[in-house]
Amino acid sequence: MIKPDAVERGLVGNILSDISDSGFKIKALKLTKLSIEEAKTFYSIHSERPFFDELTKYMSRSPIVAAVLEKSNAVLEFRNLIGDTDPATAKKGTIRNKYAISKGENSVHGSDSDENALIEAKFHFSGREILL
Ligand code: DAT
Ligand code: MG
């Protein structure tokens, strides 16, 4: 996902360009908006964390861009491209280093496993919206 802070600042083109330049193929793509309930479902793994309320309010405040990306070793490769959760420690040249505002408003989401990538792809897209 390209998160609200980045969509709000007109960074969708820059971020998709970084993603393509890093060799990812786009298999599904849409601009949409999460309701507070959808944000709570998407981030349910973090429901007991102190930042959950802040996180779900932020993720539902304005549009996001959802995408399914393909590359060999995609989960790890994408996490390398986006960098650490906190832009202050994200490596130079990573998307979060370049664009993120803070640990909370960090511009992009990446799945943390192949299993969760499939769950998250199905959360955002119907079968016919994902190109095989
Ligand atoms: P990541 O997005 O790098 O996988 P995560 O899964 O630990 O990070 O947390 C999910 C999101 O929750 C993260 O992108 C931003 C928010 N978040 C995490 N830790 C936070 C904190 N200490 N304060 C505020 N927001 C936080
Ligand atoms: Mg995570």
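Is Asn14 buried, exposed or partly exposed, and what is its relative accessible area? Asn14 is partly exposed, at 36% relative accessible area. The model is predicted.

**Ligand 1 and its shell**

- The shell around ligand 1 consists of Lys3, Tyr43, His46, Phe51, Leu55, Arg79, Thr85, Arg96, Lys103, Gly104 and Asn106.
- Sorted by class, that shell holds four charged, four polar and three nonpolar residues.
- Thr85 places a polar side-chain atom 2.6 Å from an oxygen atom of ligand 1.
- For Arg96, a polar side-chain atom is 3.0 Å from an oxygen atom of ligand 1.
- For His46, the corresponding distance from a polar side-chain atom to an oxygen atom of ligand 1 is 3.1 Å.
- Ligand 1 on its own exposes 520 Å², and the protein buries 79% of that area.

**Aromatic pairs**

- A pair of aromatic rings is described by two values, the distance of the centres and the angle of the planes.
- The count of aromatic pairs is three.
- Phe24 and Phe78 have ring centres 5.5 Å apart and planes at 90°, so this pair is edge-to-face.
- Phe24 sits in the loop between α2 (12-21) and β1 (25-32), while Phe78 belongs to helix α5 (residues 74-82), so the pair ties together parts that are 54 residues apart in sequence.
- Phe24 is buried because its relative accessibility is 6%, under the 20% cut-off.
- Phe78 also counts as buried, with 10% relative accessibility.
- Phe42 and Tyr43 have ring centres 5.1 Å apart and planes at 75°; over 60 degrees counts as edge-to-face, so this pair is edge-to-face.
- Both Phe42 and Tyr43 are buried.
- Phe42, Tyr43 and Phe123 make up one aromatic cluster.
- Tyr43 is also one of the residues around ligand 1.

**A charge over a ring**

- Lys71 lies over the face of Phe24.
- The distance from Lys71 to the ring centre of Phe24 is 4.9 Å.
- Phe24 therefore has two partners described here: its ring pairs edge-to-face with Phe78, and its face lies under Lys71.

- Asp5 is part of helix α1 (residues 4-8).
- Where does Asp5 stand, buried or exposed? Asp5 is buried, at a relative accessible area of 1%.
- The side chains of Asp5 and Tyr58 are joined by a polar contact of 2.4 Å.
- A polar contact of 2.6 Å links the side chains of Asp5 and Arg9.

- Asn14 is located in helix α2.
- Asn14 and Tyr99 are 85 residues apart along the chain, and their C-alpha atoms are separated by 9.6 Å.
- Ile130 lies in the segment after α7 (114-124).
- Ile130 counts as partly exposed, with 21% relative accessibility.
- How far apart are Ile130 and Val68 in space, C-alpha to C-alpha? The distance is 7.5 Å, although the two residues are 62 residues apart in sequence.

How values were computed. Residues numbered from 1 in each chain as written. Chains lettered and ligands numbered in written order. Predicted model: local features only at pLDDT ≥ 70, side-chain atom pairs only at ≥ 80, totals over all residues. Heavy atoms only, no water. Near = heavy atom within 4 Å. Polar contact = N/O pair within 3.5 Å; in protein donor to acceptor, adjacent residues only side chain to side chain. Areas by Shrake-Rupley, 256 points an atom, 1.4 Å probe, with all protein chains shown as cover. Nonpolar A, V, L, I, M, F, W, Y, C, P; charged D, E, K, R; others polar. Phe/Tyr/Trp six-rings, centres within 6.5 Å; stacked < 30°, edge-to-face > 60°. Helix = DSSP H or I, 4+ residues; strand = E, 2+ residues; numbered from the N terminus. Buried < 20%, exposed > 50% of the residue type's maximum accessible area, 1.4 Å probe, protein only. Lys NZ or Arg CZ within 6 Å of the ring centre and 35° of its normal.
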